[in-house]
Number of protein chains: 2
Amino acid sequence: MPFEAAVEALAALLGDRLSRSEAERRLHGQNETWFPETPPDAVAWPISTEEVSKILAICHAYRMPVVAWGTGTSLEGHALAVKGGLSLDLGRMDKVLEVRPEDMLAVVQPGVTREALNADLRATGLFFPVDPGANASLGGMAATRASGTTTVRYGSMRDNVAALEVVLADGTVIRTGSGARKSAAGYDLTALMLGSEGTLGIITELTLRLHGQPEAVSSAVCAFESFEAAVETVQMTIQMGIPMARIEFVDEQVARMFNAANGTELPEKPHLMIEFHGSEQAVAEQSERFGEVVAEMGGADFAWATTTEDRNRLWKMRHGAYPACLAARPGCMGLVTDICVPISRLAEAVAETRADIAEAGLQGPILGHVGDGNFHAILLLDRDDAEELARAKTVAGRLAERALRLGGTVTGEHGVGLGKRGYMEAEHGVGWQVMGAIKTALDPLGILNPGKLIPGAETDA
Amino acid sequence: MPFEAAVEALAALLGDRLSRSEAERRLHGQNETWFPETPPDAVAWPISTEEVSKILAICHAYRMPVVAWGTGTSLEGHALAVKGGLSLDLGRMDKVLEVRPEDMLAVVQPGVTREALNADLRATGLFFPVDPGANASLGGMAATRASGTTTVRYGSMRDNVAALEVVLADGTVIRTGSGARKSAAGYDLTALMLGSEGTLGIITELTLRLHGQPEAVSSAVCAFESFEAAVETVQMTIQMGIPMARIEFVDEQVARMFNAANGTELPEKPHLMIEFHGSEQAVAEQSERFGEVVAEMGGADFAWATTTEDRNRLWKMRHGAYPACLAARPGCMGLVTDICVPISRLAEAVAETRADIAEAGLQGPILGHVGDGNFHAILLLDRDDAEELARAKTVAGRLAERALRLGGTVTGEHGVGLGKRGYMEAEHGVGWQVMGAIKTALDPLGILNPGKLIPGAETDA
């Protein structure tokens, strides 16, 4: 068995919180999308920073790869142990350690999920806004610089993490950032760790920025005759400075799949889903002004979700988009694209993508966080059809090229993982080598999530 | 002469845009505050990225230190060539290269000042919000992760730089970020460069996020009986979720110095200066709610600046606070502290600081961006009194300790430079060594702004 001595040392430290069982290894070798199953050599469940530090010291001594595992909901294969080694499952470090309402901060362990945190916060009048599709762990969301439907207003993980505790490759524990709202005290190590995907360190504690639950909330959904009209509505709304808390686009295919999954009766047309947050008066004014833009753009079937239940149903439907789309083709797997472009180029990016998908003969509903210029095509693929996967990869490749040609990025929020590593050089040029130099400086033995993100040994993906 | 061969190679490249004159060297050896004059060996004025690249290649070959120079308005001695070498004055790279209103972005060279950019933007309905006291260059503001009076609403340089072009130590040119509103494509090199103070690379181009000029603006100034009442007013306003665009505190001494400098008649009491941005209706509502808080906290002399002229006068007075304070003690120099603490600890931080300054027998008016928890004491010192400077340093040291004890940072916005380097280990612990490792990875010869920010050879400061 590979890494036998390391695994024995880990077992001595962790007892039954270290497993070599086939079942656990396979469970931690799975992923949400098309990447092949890749079981690690062992799985560990630490319960404290101190344990994570000791685990890394052992792995470092034996040069055993360490790949952090949150909820396994990555869409880019981030948590797959492509070079073998240890899957470090942080799911048992799931405590909300402190809520500081007066500073609008919460201190959490990495295994706390975004929904668990918000459930915990309910009585405080505060909430944590970043909401990727999955009920992901906050550690995983930080490691991948995740965002969601409210990023247009509240920002992504980049904007909502004040401080981190991180265990480095050799077990050294560092703290980055502070509880202050800003700082100019040297290199922004917090920002460096956010989006480093477990290649620079393991996040063991997060200090998160909270926001006041808005006094009033108003949500709506409305249909458009064309996706161009929907996108133009978004652009006009931004230009007018109407402060949206959420603005989501779904195309006619997604509308159909929503109906099938949720028993709704949305017209099978492109839709926008929008939300405003503020005082009663501000929200009323914003809703009215937005309604005028929609009317001007020929939007129809405009329905305000006036009760909390209706609103929750609306956003639950939106968060359930990925499984709803997968359900449209039973047994399929998804390849989800994730480009983000400047707002002015969004309409052409979506148009070209729709044409591409049609030409490739694929099924690919499109939806996205259009207020950020970020959209996803969910390519629905037959698991056993290698030729179809190849076609989908070609479409995804053209999407990435398109993103860069239009001045954007190949991944708005899903991260690099395995799926986007092949585009890093095209996106960053020599900057990718700089990332490699930083990686080497912090993890010279390359034990942290090897085969991902930075230049170096190729992966099988 | 030191670096003679390097200077000759630079002169061959730059002609009369390379100077060894005593006058230019002394001009680039000065600083805004108490650090001693430190002339570089030569001064260069590049006019293009290509030239900066060639200059760095030469300096790299000869191991000649390179220190970027913007407008020389740093309060921490950032731009002083403490190890000798070249002062790289980017003042002639002062073009606004592109304004993209539809994407709310502007592309500028590093020598453009914040006021020049906003003058250029006037017709577009957009503005760039970050406004440190000085009319600093945008390259310098990025390099020091600057912020200002509007950070409470629009964020600091961390939040308002979308992309950078950076020349690395050996002359390699990289581009970080993109025109997309967000990205999860690997390490956040943009964030790493912001606040790196010229120790990792020279910023030669910035893509900045712009904001829509608000439809309505409402500013006010009001006096309080105690600084505690003023700070509590800020805390309550934040708790109530009233979205402030600016909220500035000045103490009774600053009010007196404002009056002397501007011919105003502010009561000699602690004041808040506030501004709201939004639609007419939203601003009216916010102003009304804030007025209620102020009344509850016993605020008085509440005056709304209703005309654009009045507003401009108000904020010009605020931006002129530093010279106004210096003018209160003719011929003095300033030592400006810059701690930032969690909002909940702000009142005690200010109280302890006031007591400290009084006990040390120093003159130290206090003002700050209280919505961020950031405040400055401007210690007014006799240039020729070494004993007074020593007392001031002791007070500054206790302020730094206080910031860390209260969970904050030793520098909210002025940066590390020479003045805060001695506190880096206390603030970051082992994280400071990580900064050093990153520095070594990117600039192994250590030619970029040596003696600053990261661990290593000591400076004279």
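Across the interface of chain B and chain A, 31 residue pairs are in polar contact, both at pLDDT 80 or more. A polar contact is a pair of N or O atoms within 3.5 Å; within protein, one must be able to donate a hydrogen and the other to accept it, and residues adjacent in sequence count only if both atoms are side-chain atoms. The model is predicted: local features need pLDDT of at least 70, side-chain atom pairs count only at pLDDT 80 or more, and totals for chains, interfaces and linings use all residues. Side-chain values use heavy atoms, without hydrogens and water.

**Interface**
- Chain B brings 76 residues to the contact and chain A brings 76 residues (heavy atoms within 4.5 Å).
- The two chains bury about 5700 Å² between them, 56% of it on carbon and sulfur atoms; this is accessible area (1.4 Å probe) lost on being put together, summed over both.
- Arg158(B), Lys182(B) and Tyr187(B) supply 17% of the area that chain B buries against chain A, more than any other three residues.

**Salt bridges**
- Eight salt bridges link chain B and chain A (a side-chain nitrogen of Lys or Arg within 4 Å of a carboxyl oxygen of Asp or Glu).
- One of them joins Glu215(A) to Arg289(B), with the closest N and O atoms 3.6 Å apart.

**Strand S18(A)**
- Strand S18 (residues 374-381) of chain A has eight of its eight residues buried (under 20% relative accessible area, 1.4 Å probe, protein chains only).
- Strands are DSSP runs (E, at least two residues), numbered from the N terminus.
- S18(A) pairs antiparallel with strand S16 (residues 333-336) of chain A over four bridges; pairing needs at least two DSSP bridges.
- Leu335(A) stands opposite Leu379(A).

Methods: Residues are numbered from 1 along each chain as its sequence is written. Chains are lettered from A and ligands numbered from 1 in the order in which they are written. Buried means under 20% relative accessible area, exposed over 50%, partly exposed in between (1.4 Å probe, protein chains only).
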